[in-house]
Amino acid sequence: MSDIIFNLVSYFIEFARVLFISIYLIQIKVDYKKKLFIGFIISLLLVGIASHYVFLYDISFVFDIVALILLFISTSEKKKIRISIIANIGIIIFDMCFGSVIMFILQLNPDIFLKNYWLYIPVNCLTFIVIVIMSLLCMKWRNKSMEYDISKKYILIFIIGSLFLGCFITCIQYIGFAQKNDFVSRFATLGLTVSSIIFVVVTFLLILNKNKNEHLKREMKTNEKLLKSQEEYYMMLLEKEEETKKFRYDIQNHIYCMHTLLNNKNYNELDRYFKRINSDLKNLKGGIHTGNSLVDAIVNNIKNKYIDVKINWKGNIPINISLSSMDLCTIFSNLISNAFEATCQTDKKEINISIKVVETKLLIVVSNYTNNTPHIIDGTLISSKKEKNHGYGIKNIKRCVEDNNGSFNIMFADNIFTAEVLFYDVLEV
């Protein structure tokens with residue numbers, strides 16, 4: 001009966017540890033809580049039944065595997081399970097370190113320690129307390145924008161390294177703690193074990209840093225492609241805007257020519273002239289004039305996609321602005337696109353855009369009504385969308401602003417979302 005109780009308590013502790021590590025440290029979202037709960041109850045019953053035939057102390061790692069499998073089928077964030085596996089392997093090494101501490105304090109040798117399997121529970125409880133403390137700290141200072149997409153090769157390297165490290169710790173424990181009265185060897189063994197834990201932590205941090213750098217490189221390449229294609233697209237719109245201006249400039253000449261054809265009673269030619277003008281007019285739409293041809297093309301193009309949204313534009317972009325075309329394209333296209341996209345889902349379909357110039361400073365303010373409360377953490381907007389390449393807009397705006405020594409702020413109050421971009425020295429005097 002004691003074996004059954006031991007196995008059930010051990011499984012409960014291991015399951016709780018895996019959940020704390022995964023949910024609070026790795027920040028894995030459990031989408032199917034009912035499925036996870038039912039899976040836990042069934043697995044707990046199976047552990048109780050298996051305990052009648054097998055003592056599970058020697059294969060307690062199976063508890064972690066079962067817990068990870070249940071978590072895997074209960075979440076849509078499958079990739080994050082990779083880092084959860086790494087973290088749990090690290091905790092197993094951590095357990096071995098605590099085992100060394102207990103053997104050192106209680107003057108036990110490995111054989112006695114392993115036979116007294118009830119020591120397994122306090123060791124696990126001790127690491128569980130550490131995990132809970134770390135989890136609470138992560139809840140307070142967690143970074144929701146962190147990426148957990150570790151490459152498979154790093155996971156394999158870490159697993160193989162941990163297996164060899166586990167064998168190394170086991171060997172030095174058997175050698176170092178074999179003699180009760182040999183304080184030097186026991187202390188050296190404890191030091192090597194603790195050093196092994198430090199090695200695991202440092203390796204884990206290096207893997208995270210390396211993986212983060214690779215992720216940033218991939219993101220930068222994708223970002224560059226998006227920016228380039230965005231600029232090319234708006235340059236095409238700019239050419240179309242120039243054609244529109246040319247047509248408007250020539251309209252008086254067109255009217256004179258049509259009037260001449262009418263006076264000469266050349267109706268067939270006049271009819272063809274009308275049809276040609278009508279065809280050209282279909283591509284011309286009155287729009288907003290911002291003071292900058294490129295921004296005109298951007299604003300009017302987006303506005304034409306949301307014909308039921310009203311846009312109030314105040315102020316003009318000065319001619320003597322030193323911002324590059326790409327920066328203008330990035331800032332205005334993303335600010336205005338986000339505003340239109342949010343506003344079209346509300347009853348108050350109205351956007352206010354203000355351009356203010358004070359000496360060499362340029363202030364851009366875009367505000368819109370929204371039904372949804374945005375997630376803003378430390379001045380950063382956390383997007384709720386999961387589409388590929390989504391979320392680059394705000395990042396690109398911040399990058400442009402930082403490159404030009406400006407400031408970017410977002411605010412939300414009374415269902416009004418406001419984005420402010422301030423450039424301090426972008427106007428040529």
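Mentor: Start with a term: a residue is buried under 20% relative accessible area, exposed over 50%, and partly exposed in between, using a 1.4 Å probe and protein chains only.
Trainee: OK, what percentage of the 429 residues is buried?
Mentor: Buried residues are 41% of the protein chain. Bear in mind that this is a predicted model, where local features need pLDDT of at least 70, side-chain atom pairs count only at pLDDT 80 or more, and totals for chains, interfaces and linings use all residues. Residues are numbered from 1 along each chain as its sequence is written, and side-chain values use heavy atoms, with hydrogens and water left out.
Trainee: How many helices and strands in the protein chain?
Mentor: Twelve helices and seven strands. Both are DSSP runs numbered from the N terminus, with helices being H or I of at least four residues and strands E of at least two.
Trainee: And the accessible surface of the chain, what does that come to?
Mentor: About 25200 Å², with 62% of it belonging to carbon and sulfur atoms. The areas come from the Shrake-Rupley method with a 1.4 Å probe, and for residues only the protein chains shown count as cover.
Trainee: Switching to packing. How do helix 2 and helix 3 sit, parallel or antiparallel?
Mentor: Helix 2 (residues 33-50) packs on helix 3 at about 155 degrees, with the axes 10 Å apart. The axes are lines fitted to C-alpha atoms, for helices over the stretch in contact, and angles run from 0 to 180 degrees between N-to-C directions. That pair is therefore roughly antiparallel; the label applies over 145 degrees, whereas under 35 is roughly parallel, 65 to 115 roughly perpendicular and the rest oblique.
Trainee: Which residues meet there, in helix 2 and helix 3?
Mentor: From helix 2, Leu-36, Gly-39, Phe-40, Ser-43 and Val-47; from helix 3, Phe-63, Val-66, Leu-70 and Leu-71. A contact means heavy atoms within 4.5 Å. By class there are seven nonpolar, two polar and no charged residues. Nonpolar covers Ala, Val, Leu, Ile, Met, Phe, Trp, Tyr, Cys and Pro, charged covers Asp, Glu, Lys and Arg, and the others, Gly among them, are polar.
Trainee: What about helix 3 with helix 4, what's the crossing angle?
Mentor: Roughly 160 degrees between helix 3 (residues 61-72) and helix 4 (residues 80-106), with axes that come within 11 Å. The contact uses Asp-64, Leu-68, Leu-71 and Phe-72 of helix 3, and Ile-81, Ser-84, Ile-85 and Asn-88 of helix 4. Those divide into five nonpolar, two polar and one charged.
Trainee: Further along helix 4, is Met-96 buried or exposed?
Mentor: Met-96, which is in helix 4, counts as buried because its relative accessibility is 18%. Beyond neighbours within four places in sequence, Met-96 contacts Gly-166, Ile-169, Thr-170, Gln-173 and Thr-193. Met-96 and Thr-170 are 74 residues apart in sequence, with C-alpha atoms 8.1 Å apart.
Trainee: New topic: where is Val-295?
Mentor: In helix 10 (residues 293-305). Val-295 is buried, at 0% relative accessible area. Leaving out residues within four places, Val-295 is in contact with Thr-290, Trp-313, Ile-317 and Phe-332.
Trainee: And Thr-343, what does that touch?
Mentor: Not counting residues up to four places away, Thr-343 touches Val-309, Lys-348, Lys-349, Glu-350, Ile-351, Asn-368 and Tyr-369. Thr-343 lies in helix 11 (residues 325-343) and is buried with a relative accessible area of 0%.
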